[in-house]
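Here are my notes on the model, point by point. Please read them with the structure open.

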Amino acid sequence: MKFTVNQIAGLIHGTVDGNGADIISEFGKIEEGKSGAISFLANPKYEAFLYESKATAVIISNDLKLKKKPLATLIRVENPYLAFTILLQKYQEMIAYVETGIQEPSYIDPSATLGENIYIGTFTSVKQNAQIGSGTQIMNNVSIGKNVQIGENCVIYPGVIIYSDTKIGNHCTIHANAVIGSDGFGFAPQPDGTFTTIPQLGNVVIEDHVSIGANTTIDRATMGSTKIGKGSKIDNLVQIAHNVEIGQNTAIAAQVGISGSSKIGNHCLLGGQVGVAGHLIIADHTIVTAQSGVTKTVKTPGQTLGGTPASPNVDYLKRNALIRQLPDLFEKINQTMNLSN
Amino acid sequence: MKFTVNQIAGLIHGTVDGNGADIISEFGKIEEGKSGAISFLANPKYEAFLYESKATAVIISNDLKLKKKPLATLIRVENPYLAFTILLQKYQEMIAYVETGIQEPSYIDPSATLGENIYIGTFTSVKQNAQIGSGTQIMNNVSIGKNVQIGENCVIYPGVIIYSDTKIGNHCTIHANAVIGSDGFGFAPQPDGTFTTIPQLGNVVIEDHVSIGANTTIDRATMGSTKIGKGSKIDNLVQIAHNVEIGQNTAIAAQVGISGSSKIGNHCLLGGQVGVAGHLIIADHTIVTAQSGVTKTVKTPGQTLGGTPASPNVDYLKRNALIRQLPDLFEKINQTMNLSN
Amino acid sequence: MKFTVNQIAGLIHGTVDGNGADIISEFGKIEEGKSGAISFLANPKYEAFLYESKATAVIISNDLKLKKKPLATLIRVENPYLAFTILLQKYQEMIAYVETGIQEPSYIDPSATLGENIYIGTFTSVKQNAQIGSGTQIMNNVSIGKNVQIGENCVIYPGVIIYSDTKIGNHCTIHANAVIGSDGFGFAPQPDGTFTTIPQLGNVVIEDHVSIGANTTIDRATMGSTKIGKGSKIDNLVQIAHNVEIGQNTAIAAQVGISGSSKIGNHCLLGGQVGVAGHLIIADHTIVTAQSGVTKTVKTPGQTLGGTPASPNVDYLKRNALIRQLPDLFEKINQTMNLSN
């Protein structure tokens with residue numbers, strides 16, 4: 001990559017303060033900035049880095065009042081973080097190398113339906129009656145089961161396994177070795193202590209603009225569908241059990257586990273390693289902090305929850321603070337009340 | 001699917017109350033029941049749904065006394081949940097499309113031994129001296145290592161990796177991208193701070209009727225065998241470390257981690273995200289609630305444990321209740337004793 | 001395997017006490033020792049097993065003073081655990097069957113560069129401009145992305161997916177179905193509640209002698225590199241987020257999750273299911289006990305931390321002990337102060 005600061009400012013509608021002819025050849029963090037790099041300053045907490053940065057250019061806010069003159073050429077915009085993101089996106093589009101065609105050896109059942117301008121990589125299997133929408137890229141070593149429907153302009157990374165009957169919308173991304181549509185964990189205990197297997201006859205339905213992380217597992221429903229709503233983003237190693245429904249634009253961080261039949265609302269955020277028990281309903285705009293365990297339905301939208309069992313996070317933090325005071329408490333009480341005897 | 005209520009009642013030995021000629025075309029939950037669907041009512045908690053359900057037929061208990069007349073035709077049986085499960089199983093058998101034969105391209109070493117009526121999917125590798133029992137289906141993109149033995153009537157889903165020397169019994173199911181027999185995490189710290197690798201020369205032994213979830217990992221033993229007992233069921237993303245032994249008919253929910261050399265008894269239930277430390281013994285019929293961490297051997301069978309470190313669940317719940325009372329306690333004590341100074 | 005005790009003693013520079021002509025045919029644990037097995041006693045805690053063991057030979061310390069005469073022939077060495085590990089390593093080398101060559105069908109892009117004596121298994125894809133160092137074994141069903149560099153004498157197990165631009169050093173081991181270089185979880189919330197995707201343009205860099213477990217995921221950096229330092233060992237199902245840096249000779253147990261941009265020092269030990277929040281720095285020689293959650297930067301090296309939020313483990317254990325005393329405390333206080341009203 002090689003652009004002048006002026007060219008970049010043009011792309012993001014910014015104003016140049018400094019030498020617009022400087023050459024930019026890479027992106028970098030402001031604290032690691034080096035010659036040739038462009039960086040950004042969004043969080044005022046990091047303003048000190050601006051004056052030390054050796055980056056060639058830094059994107060800053062129109063509103064920022066400088067305490068002293070930085071070394072870098074500045075590009076002023078309304079929203080530096082958004083401007084930088086747009087810059088990354090434009091660069092990514094520029095360098096993206098979209099392959100099309102069917103690469104051999106691969107296996108495509110004659111009954112499958114393929115859209116236009118698709119790519120299918122080596123050692124990928126597409127089974128009976130599967131449908132792949134136009135512009136979708138299916139990388140190598142992928143398994144597309146019977147009757148699977150995948151929409152347009154999706155990217156399915158290597159090693160992904162999609163079981164039969166799964167439906168995936170448009171503009172979805174599924175990262176490597178994720179498993180979609182495996183059997184739900186349904187076993188009924190018998191009087192003799194063994195388990196009988198409850199057939200899992202449903203499927204998984206994933207709406208448009210969903211992203212699913214590497215090695216994540218989403219089980220098919222026992223009956224009906226496990227659902228992931230439009231625009232939701234799921235990180236790596238997440239477990240979504242049978243009959244779960246995730247709303248729209250909800251973000252789920254790595255290693256979260258959601259038990260069977262729970263319904264997560266729209267615009268929720270679940271932190272890493274959170275667990276959600278089964279058959280719960282979580283209201284819209286709920287935030288659950290990392291490692292918490294949600295054990296009850298959350299009716300009031302917009303709450304931040306923490307701890308196991310999860311409660312409003314302020315209460316959880318307050319209790320944690322008091323727990324840290326327990327040694328003092330016990331000591332004083334022991335002195336006063338001789339509790340230890 | 002298209003059956004009359006009478007036909008279905010015949011399959012599950014039930015008594016029809018209503019129009020036995022009604023046509024059933026799908027399964028459904030009682031609360032979502034719609035015309036053409038058959039559902040069931042097992043838990044009296046949901047009885048209210050029975051009177052509102054638009055399902056065409058509902059399977060209920062012989063003993064249930066109706067409060068009013070439901071819209072649906074009823075099929076009365078002794079155990080509605082079991083009857084419905086049997087119905088699902090019979091339906092699954094009916095629709096199951098069992099493929100046989102070896103699909104090309106696949107790679108089967110000439111020294112491998114294959115039973116009758118097996119299926120091997122595309123891009124699957126079967127290595128030296130592997131043995132596959134009759135009726136076993138190995139889907140596409142699977143890796144069967146050297147000397148692996150797989151019994152009869154197993155289903156190995158796409159992307160499963162089975163390392164050398166693993167032994168798997170009959171009627172086992174292994175879901176996509178699970179890894180069986182990878183090296184245990186054995187590294188001995190050296191005086192200079194580096195690690196030396198302890199060779200993992202053992203294997204994994206899985207008995208009959210075991211089910212293993214997607215993306216689950218089961219490590220081979222350092223010496224001897226990591227063992228999964230007959231009839232045990234393991235969910236997705238579970239980690240079973242080297243030399244662990246799981247008893248019979250034990251159920252392990254998603255994202256559980258069991259550390260090296262621990263022995264879990266028979267008929268245990270481990271909730272989601274539970275952790276078990278190394279070298280422990282967990283007695284039969286132990287239940288560990290979700291997210292708990294077991295740090296000590298559990299000698300008394302039949303306990304329910306909760307929390308980290310895990311203790312009897314009633315104690316854990318009681319302590320949690322008291323922790324929620326800490327703010328009040330501190331306030332009152334501060335008033336009385338001036339603890340804050 | 002068939003060796004005399006004398007031959008084995010020669011390999012590990014030990015002194016034989018007993019019948020050096022005894023034949024050894026397998027390795028075993030001292031508590032399970034049977035005729036033909038060789039075992040070792042390192043931890044004095046297990047000394048009682050020595051006198052009961054039916055193993056043919058046991059490796060013990062030069063310093064151990066026997067309480068009575070064991071049945072087994074003894075081999076005395078300075079460090080029994082190390083001697084036994086060396087024995088396992090030598091045996092592993094002896095039985096190792098190193099395949100070389102390119103097994104068909106596999107797909108290697110003509111622009112890829114391959115070292116000498118490499119092995120590439122069936123159904124493996126090696127993409128444009130990838131470089132594979134000499135002596136490296138890439139098993140079957142592996143995906144090596146564009147511009148990936150892999151050093152010498154590595155072992156990449158089946159099903160591993162390595163995204164483009166990843167760099168891997170020499171003597172690394174990556175277990176089955178691990179994913180290296182998937183996109184970091186970067187989504188910027190928009191005013192309308194949807195997310196825009198932040199391109200992940202960086203890569204993953206793995207130094208020499210690193211081991212990575214099955215189904216582990218390591219995300220590429222947004223900009224720059226996610227880094228795993230020399231000699232570090234990572235277990236199964238671990239999540240390493242974008243821009244994380246792991247130091248040298250650090251061991252990370254199964255199901256740990258490390259959030260974006262955190263830096264873990266050298267010689268750290270993270271127990272199973274630990275979570276580390278984002279943008280933290282963890283000092284060298286830090287030990288974090290299993291299931292703990294680290295929420296703040298750890299500046300002082302050499303601490304052992306426990307709990308969520310993690311604190312020095314002694315404090316965490318003390319608080320846990322006090323929490324277990326809460327029922328008594330509440331009862332006594334209620335008696336004294338009538339807190340319940």
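Which residues does Phe185(B) contact, leaving aside its neighbours within four places in sequence?

1. The partners in chain B are Asp219(B) and His242(B). Those in chain C are Lys233(C), Ile234(C), Asp235(C), Ala251(C), Ile252(C) and Ala253(C). Contact means heavy atoms within 4.5 Å. Phe185(B) sits in the loop between strand S21 (179–182) and strand S22 (187–189) of chain B. Strands are DSSP runs of E, at least two residues long, numbered from the N terminus. With 24% relative accessibility, Phe185(B) counts as partly exposed. The classes are: buried under 20% relative accessible area, exposed over 50%, partly exposed in between (1.4 Å probe, protein chains only). Phe185(B) and Ser261(B) are 76 residues apart along the chain, and their C-alpha atoms are separated by 12 Å.

2. Ground rules. This is a predicted model, in which local features need pLDDT of at least 70, side-chain atom pairs count only at pLDDT 80 or more, and totals for chains, interfaces and linings use all residues. Residues are numbered from 1 along each chain as its sequence is written, chains are lettered from A and ligands numbered from 1 in the order in which they are written, and side-chain values use heavy atoms, with hydrogens and water left out.

3. Symmetry. Chain A superposes on chain C by a rotation of 120 degrees, with 0.0 Å of shift along the axis and an RMSD of 0.1 Å. That is the relation of a three-fold axis. In chain A, the residue that comes closest to the rotation axis is Phe123(A), at 3.5 Å (C-alpha).

4. Domains. Chain A is assigned domain 1 (3–95) and domain 2 (101–316). These bounds come from an automatic or database domain assignment. The C-alpha centres of the two domains of chain A lie 37 Å apart.

5. The ten-strand sheet. In chain C, ten strands form an open sheet with parallel pairing, in the order S9-S12-S15-S18-S21-S26-S29-S32-S35-S38. Strands S9 (107–108) and S38 (293–294) of chain C are at the edges; each has a single partner strand, so one side of each lacks a neighbour in the sheet. Pairing requires at least two DSSP bridges between two strands. S26 (residues 217–219) and S29 (residues 239–240) of chain C run parallel and are joined by two bridges. Ile218(C) has Ile240(C) in S29(C) as its bridge partner.

6. The annotated histidine. UniProt, in an unreviewed entry, lists His242(A) under "active site". Such annotations may be inferred rather than shown by experiment. His242(A) is in the loop between strand S29 (239–240) and strand S30 (245–246) of chain A. At 15% relative accessibility, His242(A) counts as buried. The His242(A) side chain makes a polar contact with the side chain of Gln200(A), at 2.9 Å. A polar contact is a pair of N or O atoms within 3.5 Å; within protein, one must be able to donate a hydrogen and the other to accept it, and residues adjacent in sequence count only if both atoms are side-chain atoms. Beyond four places in sequence, His242(A) also touches several other residues, among them Phe185(A), Asp219(A), Arg220(A) and Ser261(A).

7. Backbone geometry. Most residues other than glycine have a negative phi, and most peptide bonds are trans. Asn243(A) has a positive phi of about 65 degrees. Asn243(A) is buried, at 7% relative accessible area. Asn141(B) also has a positive phi, near 60 degrees. Asn141(B) is buried too, at 4%. The Thr308(A) to Pro309(A) peptide bond is cis, with omega near -5 degrees. In chain B, the bond from Thr308(B) to Pro309(B) is cis, with omega near -5 degrees.

8. Ser39(B) lies in strand S5 (residues 37–40) of chain B. Ser39(B) has 0% relative accessibility and counts as buried. The Ser39(B) side chain reaches the backbone nitrogen of Ile30(B) at 2.8 Å. Lys65(A), in contrast, counts as exposed at 71%. Lys65(A) lies in the loop between strand S6 (57–61) and strand S7 (73–77) of chain A. Leaving aside neighbours within four places in sequence, Lys65(A) contacts Glu47(A) and Tyr51(A).

Note on methods:
Copies are superposed by least squares on the C-alpha atoms of residues with pLDDT of at least 70 in both. Helices (H or I, at least four residues) and strands (E, at least two) are DSSP runs, numbered from the N terminus.
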